[in-house]
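Colleague: I have the model open and want to learn how to read it. Can we go through it feature by feature?

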Amino acid sequence: MMTLSTNNSLNAAAATANAGSKIKAPAGLKTTADAANEALMAKSGTSAGMGQKDFLTLFTTQLKCQDPLDPVKNEAFVAQLAQFSQLEATTTMSETLKAYVDSMSGERMMSSTNMIGKTVAVPDAPAIITAGGKPAQGFVSLPTGAEGVKLEVFNDKGQLVANQIMGAQSIGDMPWVWDGTSDAGSQVPPGNYTVRATVISQGKTTKPSVNVLSTVTGVNQQADKTVMLEVAGGKSVKLTDVQRIGS
């Protein structure tokens with residue numbers, strides 16, 4: 001049986017029952033409004049709820065105890081029934097939707113574990129260089145193309161170790177690859193590196209995010225049900241922000 005908010009339900013019952021006129025009940029009997037007000041005072045500040053049985057008890061008591069010379073209007077009774085039915089339906093829908101959302105969150109979390117070990121494009125993720133490993137690679141999105149692009153690579157101390165100047169680029173994603181060779185021609189030590197881009201397009205200079213292809217190492221779900229992908233290098237990205245997935 002559905003339960004409703006005590007304060008809201010009892011307030012509504014009391015207010016609707018008193019609409020238009022004050023009901024004069026015989027001595028020793030209570031109207032719906034009186035019973036609702038007493039219950040409201042008794043349960044104030046608690047999490048108790050008034051269910052369908054409680055409401056019907058109050059409603060039938062109101063029918064029995066109304067003044068025959070000044071009865072409550074039919075419209076008031078209909079309004080009470082309609083209000084209770086609407087509130088009960090809304091509460092049921094809310095609980096059903098919440099259960100559905102919780103269920104979908106769990107399924108999304110489980111399905112996301114299939115991405116562990118796969119490669120995803122992560123904005124501003126570290127470019128990882130390992131001894132004898134694969135080159136770091138990714139892309140820069142150029143929605144308006146570019147007259148020129150400059151890529152710079154920095155080590156964990158913020159020192160520039162390599163840079164590359166490219167010519168005009170067409171609209172779309174410009175791929176890049178770095179094998180770990182410094183400007184001096186030597187191989188940089190293994191570690192995490194930062195790649196930054198400077199783009200000149202339509203006469204304006206911008207510094208867009210550089211997408212790095214990274215391996216997913218784990219999945220976690222935050223308190224607000226947001227699914228985060230953990231990638232190599234210690235960075236996390238929202239599942240909804242992933243633009244590209246590879247094997």
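Colleague: Where does Asp-124 lie?

Modeller: Strands here are DSSP runs of E, at least two residues long, numbered from the N terminus. Asp-124 sits in the loop between strand 3 (119-123) and strand 4 (127-129). Its phi is near 60°, a positive value in a residue other than glycine.

Colleague: What should I know about the model and its numbering?

Modeller: It is a predicted model: local features need pLDDT of at least 70, side-chain atom pairs count only at pLDDT 80 or more, and totals for chains, interfaces and linings use all residues. Residues are numbered from 1 along each chain as its sequence is written, and side-chain values use heavy atoms, with hydrogens and water left out.

Colleague: Is Asp-124 buried, partly exposed or exposed?

Modeller: Start with the scale. Buried means under 20% relative accessible area, exposed means over 50%, and partly exposed is in between (1.4 Å probe, protein chains only). Asp-124 has a relative accessible area of 47%, so it is partly exposed.

Colleague: Which value does phi take in Gln-202?

Modeller: It is near 55°, again positive in a residue other than glycine. Gln-202 belongs to the loop between strand 9 (191-201) and strand 10 (204-206). Those strands form a hairpin with 2 residues between them. Gln-202 is exposed, because its relative accessible area is 60%.

Colleague: How many bridges join strand 9 to strand 10?

Modeller: First the rule: two strands pair if DSSP finds at least two bridges between them. Strand 9 and strand 10 run antiparallel and are joined by 3 bridges. As an example, find Ile-200 and look across to Thr-205 in strand 10.

Colleague: Which sense do strand 4 and strand 9 pair in, and strand 6 and strand 9?

Modeller: Strand 4 pairs with strand 9 in the antiparallel sense, over 3 bridges. Ile-128 has Asn-192 of strand 9 as its bridge partner. Strand 6 also pairs with strand 9 in the antiparallel sense, over 7 bridges. There, Lys-150 has Thr-198 as its partner in strand 9.

Colleague: What does Lys-150 touch?

Modeller: Contact means heavy atoms within 4.5 Å. Lys-150 is in strand 6 (residues 148-154). Skip residues up to four places away in sequence, and Lys-150 touches Asn-163, Gln-164, Ile-165, Arg-196, Ala-197 and Thr-198. Now check the backbone.

Colleague: How many salt bridges does the structure hold?

Modeller: The test is a side-chain nitrogen of Lys or Arg within 4 Å of a carboxyl oxygen of Asp or Glu. The structure holds 1. Lys-150 forms it with Glu-152, and the closest N and O atoms are 3.6 Å apart. Glu-152 is buried, because its relative accessible area is 16%. Lys-150 is at 32%, so it counts as partly exposed.

Colleague: Which residues touch the most other members of the largest nonpolar core?

Modeller: A nonpolar core is a set of buried Ala, Val, Leu, Ile, Met, Phe, Trp, Tyr and Cys residues joined through side-chain atoms within 4.5 Å. The largest has 33 residues, and Val-140, Val-149, Leu-151, Trp-176 and Trp-178 touch the most other members. Strand 9 gives the largest share of this core, 4 residues. Beyond four places in sequence, the contacts of Val-149 include Leu-142, Ile-165, Met-174 and Val-199.

Colleague: How many aromatic pairs does a search of the whole structure find?

Modeller: Rings of Phe, Tyr and Trp (its six-membered ring) pair if their centres lie within 6.5 Å; planes under 30 degrees apart count as stacked, over 60 as edge-to-face and the rest as tilted. The search finds 1 pair. The rings of Trp-178 and Tyr-193 have centres 5.3 Å apart and planes at 70°, so the pair is edge-to-face. It links distant parts of the chain, 15 residues apart: Trp-178 is in strand 8 (residues 172-178) and Tyr-193 in strand 9. Both Trp-178 and Tyr-193 are buried.
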